[in-house]
Amino acid sequence: MSAALASGPMAGDSAVALDGVARRFVTPAGDVLSALEDFDLSIAPGEFCAIVGPTGCGKSTTLGLIAGLARPQAGSVRVFGAPVSGVDRRVGFVFQQDAVFPWRDVLANVSAGPRFRGVGRSRAEEEARDWIDRVHLRGFEKSLPHQLSGGMRKRVALAQTFINKPEILLMDEPFSALDVQTRELMQEELLQLWSANRAAVLFVTHDLDEAILLADRVAVLTSRPARVKSVHAIDLPRPRAIATLRYDPRFIEIARLIAEDLRAEVLKARAAH
Amino acid sequence: MANVATLPTARAPDARSPAPEPLRIESLADRQRRRRRLVLALRLAVLVFLVGGWELGVRAGAIDPFFFGQPSAIADKLVDWSVNGTSIGPLWWQVGVTIYEAGAGFLIGAVLGVLCGIALGRNALLADVFSIYIKVANSIPRVVLGSIFIVALGLGSPSKIALAVVMVFFVVFANAFQGVREADKNLIANARILGATRWQITQAVVIPSALSWILASLHVSFGFALVGAIVGEFLGAREGMGLLIATAQGAFDANGVFAAMIVIAVVALLAEGLLTLLENRLLSWRPEKSAGE
């Protein structure tokens, strides 16, 4: 679990590779604020990697760089070996807040991706119906987002992302706004969807339990500027039973180990504020 | 009372306790209906009080009808105009001319305003270059342009339409621009990642989210279009409600001015109703507004 492991498998065949990445902002007051500094991380194809770290440490910034929504000031961000230059078709993104289109019904929301990419209406809608089934929203095709519960809207967002068959799936605290029971259900559904499509996942969360329940590896970030402090392999067997796994002695052992790591950073972050 | 259901409460087992009163349950719908009736009655009362007070004030000699008119005389005037026509021609023709000028100006101004607002809202360079000129143009009292338009475009409709366009454009433009700027960054990022091109983002995210701003501005700006058309007619015209008002003013006919005002108000309210219908249709995706709004 040393820094050497942080770069994971060979950078050449990784799905995502960040190398010495820095991302800095200039505050309105003129100060330079460093969100990421000397950031190394790589994710293998089909691997589920979770990132945990103190609040505001730059977890979301990392995802924005991989998605091509922002550029790093130093270092390289690569997707399947090629430097990121703008939005990549193979990348999917699930946002923390609701990002489904409020003026479109569920069917139009889910079929948005294929439609943007030039698929004809009837084929896109046929595909969308299939995904609506898979996220258990059959019968809600004509419902508008505001008529759905938070968990259902999240399912729409998942279907909307998965319909594009992403090979890299970026998730920015997707379930943090949900209540505990809904969150558990959504975690289970996410694992099911993922096991069928096996994208490389980068899952940002502040919930350590969630990270361990879902991921193959958990990366702990330092407080700002964020760096990968340590990477922990999670050797819990799959398929995982979300509801009961957290009482497993091995789970508790891993959680304790990572929690200690994380706690030191959270305290540092608090001291800095 | 017909709407109040009476239910007997559970009978007390103890015979010594007094007989229970029947429980009165009033449904929410009943209460809302009663409140609506109350509001309507109070509104009517306010109207009767104001108009009646005005009329009584004139009859008692406290208000001079030469300057301030008289409700009954205004009503007579409206009847006279609709039956016998006005001094400058039939009433419906004057109303039609003004509606045509305001409507054409409104449509042109709104379309230009929306197009420019979206173009500048989506393009930072254009916005930076033109924002200064738009600010300057917006700070000019635009009604004054009416004089120029009449000199340049003559006494006919075009000068009135031009003034209405100028009145409408800036309001709609400012709202469309702001609406585009306020579009949810998350939604735009989501659309980008789902594969949308810049133009697709404009269509699928920016315009729908700016639509509520734009529609709100249309409510205000139809009023401005009417003002533009009427002021234009006032400054120089051969027909229209503005000319009718100017003629009444020239004849010291306060009742005529008020009567024309009422006709214009009816036009404005009808347009407002049409715009509300349009708004409800276009924004049907929004959550139902809570009662009372």
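In what order do the strands of the open sheet of six strands in chain A lie? The order is 6-7-8-3-9-10, and the pairing is mixed. Strands (E, at least two residues) and helices (H or I, at least four residues) are DSSP runs, numbered from the N terminus; two strands pair if DSSP finds at least two bridges between them.

Before going on, note that this is a predicted model, in which local features need pLDDT of at least 70, side-chain atom pairs count only at pLDDT 80 or more, and totals for chains, interfaces and linings use all residues. Residues are numbered from 1 along each chain as its sequence is written, while chains are lettered from A and ligands numbered from 1 in the order in which they are written.

**Stop 1**

Angles here run from 0 to 180 degrees between N-to-C directions, and axes are lines fitted to C-alpha atoms, for helices over the stretch in contact.

Next, select strand 9 (residues 217–221) of chain A. Five bridges join strand 9 to strand 10 of chain A, and the two run antiparallel. A:Val218 stands opposite A:His232 in strand 10 of chain A.

**Stop 1: the four-stranded sheet**

Chain A also has an open sheet of four strands, in the order 2-1-4-5, with antiparallel pairing. Its edge strands are strand 2 (32–43) and strand 5 (82–83) of chain A. Select strand 4 (residues 74–79) of chain A: two bridges join strand 4 to strand 5 of chain A. A:Val79 stands opposite A:Ala82 in strand 5 of chain A.

**Stop 2: two domains**

Colour chain A by domain: domain 1 is 3–90 + 166–272 and domain 2 is 101–165. These bounds come from an automatic or database domain assignment. The C-alpha centres of the two domains lie 26 Å apart. Between them, 13 residues of domain 1 of chain A are in contact (C-beta atoms, placed from the backbone, within 7 Å) with ten residues of domain 2 of chain A. Helix 7 (residues 180–197) of chain A gives the most to the domain 1 side, with seven residues.

**Stop 3: chain A against chain B**

Show both chains. Here 21 residues of chain A are in contact with 14 residues of chain B. Strand 6 (91–94) and helix 4 (112–116) of chain A each supply at least two residues of the chain A side.

**Stop 4: a helix pair in chain B**

Select helix 4 (residues 91–122) and helix 10 (residues 241–250) of chain B. They pack at an angle of about 125°, with their axes 7 Å apart. The contact is made by B:Gln94, B:Val95 and B:Thr98 of helix 4 of chain B and B:Met241, B:Gly242 and B:Leu244 of helix 10 of chain B.

**Stop 5: confidence**

Colour chain A by pLDDT, the predictor's confidence in each residue, from 0 to 100. Chain A averages 87, and 95% of the residues score at least 70. Confidence in chain A is lowest in helix 1 (residues 3–6), at a mean of 42, and highest in helix 3 (residues 106–110), at 95. Over residues 1–11 of chain A, pLDDT stays under 50. Where pLDDT is low, predicted coordinates should not be read in detail.

Terms used. Two residues are in contact if their C-beta atoms, placed from the backbone, lie within 7 Å.
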